[in-house]
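Here's a quick briefing on a two-chain model. Have the sequence and the 3D view open as you go through it.

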Amino acid sequence: MEKVEADKLIWLTRHVSEIFSSPGDLQKALEAMVDLVRTVFEAEACSIMLLDPETEDLRLSVSTNIERELWPRIRTRVGEGFAGKVALSGRPLLVRDISETPYPEPERRHRYKSGSFMCAPMKVKGRTIGVVNVTNGKADEPFTREQLDVVVSLANLVALAIENVRLLTGTEMMTRRLRDVLEGIGDGVIAVDTDGEIVLHNEVVLPYLSTEGNRCLGRPLNEVIPEKLHPVFRELLERTLAERDHIHEEVEWGVRGSVNPIPVTLSTTPLYQDMRGRPSGVVFVIHDMTVNHKLYELKRIDEAKNSFLAIVSHELRTPLTSITGALHLLQVRMQGRLEPENQELFRIIEQNSDRLHQQIVNLLDVVNIQNETASLTLRHIRLSEIAGRSVARLREAAERKQIEIVEDYQSDAGPILLDEEKIYRAIVHLVDNAIKFTPRSGRIRVGTGCSDGEAFVSVQDTGAGIDPAIRDRIFGKFVQGESPLTRQSGGCGIGLFVARAFAELHGGRIETANLEGGGCEFRLVLISLNLQDSSERGKPLPADLPKTMGAG
Amino acid sequence: MAGKCILLADDEEDIKTVVSMLLESLGYEVVTAFDGLDTMEKAESEKPDLILLDIMMPVLDGFEVLKRLKANKRTAGIPILMLSAAAHTDTISRALSLGAKDYVVKPFDPEKLLEKIKQVISGK
C-alpha cells in the first residue's frame, strides 16, 4: 500500500475511534462514521445494516445516500445478496467488479458507477450483529484488500459501541424496574454483605433506621439499627449464610417518634453474586405486623364477648325456667284452693319472674344492638296484630293505674315484612313507657296507620310531655325524662333505646311529638311494603331494606 | 297421651323435676338423661316417642347428640324438640337444619311447650 493510503487509513481509524469513545447519541455517531468512511475512501456510498434478531433480517440503519425516511423500509434477508451472505458467513467480502458476479440483478447494475464493493461483518463476542457496506470507489481504482481490512476493523469497533449502548440501556431499565419493585412492596428491604455492611436498601426501611441525612450505603448495619436488635440480626445473618436458607423471626422494633415498639417480622434470604460458591450477603425484609396483631386482638375480643354473652344468657335463663315452671305447676295444683292473700303472693312471684325475664331479654337486646349482632327474621304480618298483642300484654299493668287503653287499627296498612318478635318488643316498650308517664286515670291510645307510603304504630298518652331539650337523650340507654313522675317510676330506661334500635334495623325510626292539650305521641315508623295486592308478592325486596343477619 | 314416652335430656336437676311433673300430670311417661352420652344410651334402650333436648350439656352437647341420633338408624326416626336457653337465631336455625323438629326457648310458656309436644309427637 502506498504511504498516502496507509496514512489515510490510520487517520480514519483514529477519528472513528474518537467518535465512538465520546459520549453522545449513538445514532449520530453512526451517521458521522459512515460519512467519514465514504469521504476517505472516495466511495459513492457507505451504509450500516443491523441484524433484527426476531425476524432474521438485516435492516438499514444509516446510509449516506438513501433518504432517511426510506431507511426503515430497506431490508435484506440473511443469506441473500452481498450483505445477507456476509451476515450469514461472518466473513468479509471484497468485490472488485460487480459485473463479474451474479449479483445484483442487471436492472440495478446501472446504479453503480464502477462495480467495486466492500462488505464487512460487525462482530462482537463472535456474534455478527450487522454489516458495513462501502460501495463504488473511484472509477478506475477498485477497492483493495488493505482497505477491506480497515473496514473490518471499523466494523468491529462499531459493533462494540452498539453492543455497549444496548447493554447499558438494558441495565438501566432493569435497575429502574428493580427500584420500583423495591419501593413498591411496602416492606422495608435492607441487604448487607458478609461483613455486615449495607449494600442495598429501599426508602420504606428508612424510618426503622437511625440515620442522620439518610446516608447508609456502605455503613455497618449495626450503626443504624437499635442496639437491642444487634444480637438478633447477627444471628440471622450467620444462620442465613451458613444454612443458605430463608429464616423468619418476630421481633419488636423501637422506632423514634413512636411510643410503643412496632411488632415486625424479619425475613432473610441469602444473596448470591454468582451461581456457585457461598452467598455474598443477606437480604432482610422487615414487615410491620401491627395491623395483623390488631386484627387478631379484635377477633379474640369479639369471640370472648360472644361466649361471655352466651354463658350469661344461659346462666340467667336456666334458674328462671325452674322458677316459672314450678310456679305454673303450683298454680295448677292449687287452683281454687288458694286464699286471696296466697293468690296475691303467687301473682307477685309470677309477675316479678316475668319482669326478670323481660330484663334479661332487654339486656341481651342492648348488647346485641351494640355489638351489631342483632339479626332479623322476617315475615309478613300486620302491625295491628302485633300492636294488639302488645296491648294485651300490658293491659293489667295499665288497669292497676286505672289507665284506659283505646285501640284503633282501622287505617292499618296491611301486611308488612318485618321481624315480628322485635317489633312486638319495640311496641311493648312504647306502651310501657306511656303507662309509666301517664298519671292515674289517664288515657292511652294505640293505633296503626299509613302516611306517605310509610306504615306506623302510634302510641299517644295523656301524661307528661317531653321537654324538647332532652328529647334525644331519652333514647339513650340509661336516661329518663326530667319530670317529677320519674321518681315514681322505676326501671332503667333502656326501653326506648331498644325500640329505636329495632326500628332502625328495619330502616325505620321513632318520632315523638307533644300533643295539644297535653300528652305525648310516639310513632314507630316503618317502610311500608304493601302486599295486599297479590301481584306484589314474590317481587324482590328493595336493595336497601336492612336484613343484616347476625354474625353470631 | 296414654303410653307416650318422652326422653328429657337436661343437666339441670330442677328443670328436670319441673318438666317431668308437668308432663306426667298430663299422662306422659318420662325418662330423664343427665348428659349427652346418657341421652344417646337411653334413646336406644327406651325408644321414646319424643326427645326434649337441651343444648348446654356436659360430655356431648345437644348439637353433637342431635347429629349422632340422626346418624344412627335405630334412633333417626325419633322426633326431637330442642329446649334450650340459647335464643340466638343462628343457634335455632342450626338445630333445625341438623334435624330438630322444633325449638323452644327457656324460660318457656308451659302451655306453648305442651302444644308443641302434642304437635310433634303426633307427627305434624
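A crossing is called left-handed if the near helix is turned anticlockwise from the far one by less than a right angle, and right-handed if clockwise. By that rule, the crossing of H8(A) and H1(B) is left-handed. This is a predicted model, so local features need pLDDT of at least 70 and side-chain atom pairs count only at pLDDT 80 or more, while totals for chains, interfaces and linings use all residues. Residues are numbered from 1 along each chain as its sequence is written, with chains lettered from A and ligands numbered from 1 in the order in which they are written.

**Where the chains meet**

- The two helices in that crossing are H8, residues 290-333 of chain A, and H1, residues 13-24 of chain B. Helices here are DSSP runs (H or I, at least four residues), strands are E runs of at least two, and both are numbered from the N terminus.
- Their axes come within 9 Å and cross at roughly 30 degrees. Axes are lines fitted to C-alpha atoms, for helices over the stretch in contact, and angles run from 0 to 180 degrees between N-to-C directions.
- H8(A) and H1(B) are therefore roughly parallel to each other. The cut-offs are under 35 degrees for roughly parallel, over 145 for roughly antiparallel, 65 to 115 for roughly perpendicular, and oblique for the rest.
- Which residues of H8(A) meet H1(B)? They are Thr318(A), Thr321(A), Ser322(A), Gly325(A), Ala326(A) and Leu329(A). Across from them in H1(B) sit Asp14(B), Ile15(B), Val18(B), Val19(B), Met21(B) and Leu22(B).
- That contact between H8(A) and H1(B) splits into seven nonpolar, four polar and one charged residue. Nonpolar covers Ala, Val, Leu, Ile, Met, Phe, Trp, Tyr, Cys and Pro, charged covers Asp, Glu, Lys and Arg, and the others, Gly among them, are polar.
- For the whole interface, 18 residues of chain A are in contact with 18 residues of chain B. Contact means that the C-beta atoms of two residues, placed from the backbone, lie within 7 Å.
- On chain A's side, H8(A) gives the largest share, 13 residues. That side as a whole has four nonpolar, 13 polar and one charged residue.

**H8 and its partner within chain A**

- H8(A) also packs against H9, residues 340-371 of chain A: the axes come within 10 Å and cross at roughly 160 degrees. That makes the pair roughly antiparallel.
- This H8(A)–H9(A) crossing is left-handed too.
- From H8(A), the contact residues include Leu309(A), Leu316(A), Leu320(A) and Ile323(A). From H9(A), they include Phe346(A), Ile349(A), Leu356(A) and Ile360(A).
- In total, the H8(A)–H9(A) contact counts eleven nonpolar, six polar and three charged residues.

**The chains one by one**

- Chain A has 13 helices and 18 strands.
- Among chain A contacts with a separation of 6 or more, 58% are between residues 24 or more positions apart.
- Chain B has five helices and five strands, in the order β-α-β-α-β-α-β-α-β-α along the sequence.
- In chain B, 39% of the 124 residues count as buried.

- The peptide bond from Lys106(B) to Pro107(B) is cis, with omega near -10 degrees. Pro107(B) lies in the loop between strand E5 (102-105) and helix H5 (110-121) of chain B.
- Glu42(A), which isn't glycine, has a positive phi near 50 degrees. Look for Glu42(A) in the loop between helix H2 (26-41) and strand E1 (45-52) of chain A.
- Is Glu42(A) buried or exposed? Glu42(A) is exposed, with 11 other C-beta atoms within 10 Å.

- Chain A averages a pLDDT of 82, and 86% of the residues score at least 70. pLDDT is the predictor's confidence in each residue, from 0 to 100.
- Confidence in chain A is lowest in helix H12 (residues 485-488), at a mean of 38, and highest in strand E13 (residues 404-408), at 94.
- Residues 482-492 of chain A stay under 50 in pLDDT. Where pLDDT is low, the predicted coordinates should not be read in detail.

Note on methods:
A residue is buried if 20 or more other C-beta atoms lie within 10 Å of its own, exposed if 12 or fewer, and partly exposed in between; C-beta atoms are placed from the backbone.
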